[in-house]
Amino acid sequence: MHDTPHIVSAVMTHTVAAIGRRANFKEIVQLMEQWKVSALPVLEGEGLVIGVVSEADLLPKEEFRDSDPDRYTQLRRLSDLAKAGAVTAEDLMTAPAVTVRANATLAQAARTMAHAKVKRLPVVDDVGLLEGVVSRGDLLKVFLRDDEDIAEEVRREVVSYLFRAPLVPVRVQVHDGVVTLTGRVRDTSLVPVAARLVRAVEGVVDVEFELTGPSGQQER
């Protein structure tokens, strides 16, 4: 299935705001506001990503600004208290940075985001140099894909591959990303396989079946 899965390089943002390790707290806040982003990669040398500063890294400064945390809080939130006193990116950043490669699939990027509980990922090359940034919103762009474009790929890459000699031609319809396959096929045991392959097509929201076997029994 050569058209899928789509990869990060197809949706990522190439022009990226970034900071050096010596950037101060106010510079970081100003740059986030200017670029309307919630996190900034921290770079060293020719663009090596060494960490990320996010809004979550900055908030402890406000949270603990006028408080005197008790001993329990001090022990439980040592990292946050350290960041509350930090003034440069080097001390504020989360390191090592959670990153993704440009050739990673959108599904891989989504899993990385979910596991790390982040909204944006720096995109790096083989040696860790910054190439761009991919956000949650970028990953969702795939669901803007045209219905007929999805249908054509399902016909070409799934139906023609699994159901080469149907008893009644398999019809593919797509509405708002929901794929429906209708027809009569020789081997209904292939329906679960078809479901998995159709769901792997980028932009598919769901898949429904109105397929019958040789006996006329319907599979869903």
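Strand β1 (residues 19-20) runs parallel to strand β2 (residues 39-44), the two being paired over two bridges; strands are DSSP runs of E with at least two residues, helices are runs of H or I with at least four, and both are numbered from the N terminus. Pairing requires that DSSP find at least two bridges between the strands. I19 has V42 of β2 as its bridge partner. The model is predicted, and local features need pLDDT of at least 70, side-chain atom pairs count only at pLDDT 80 or more, and totals for chains, interfaces and linings use all residues. Residues are numbered from 1 along each chain as its sequence is written, and side-chain values use heavy atoms, without hydrogens or water.

Strand β2 also pairs with strand β3 (residues 48-54), here in the antiparallel sense and over six bridges. Within this pairing, P41 stands opposite V52 of β3. Three residues separate the strands of the β2 and β3 hairpin, in which G45 adopts a positive phi near 60°.

A further antiparallel pairing joins strand β5 (residues 120-124) to strand β6 (residues 130-135) over five bridges. V124 has L130 in β6 as its bridge partner. The β5 and β6 hairpin has five residues between its strands, and G128 in the turn shows a positive phi of about 95°.

The loop between α7 (136-140) and α8 (147-162) contains F143. The relative accessible area of F143 is 44%, so this residue is partly exposed, a class lying between buried (under 20%) and exposed (over 50%), with a 1.4 Å probe and protein chains only.
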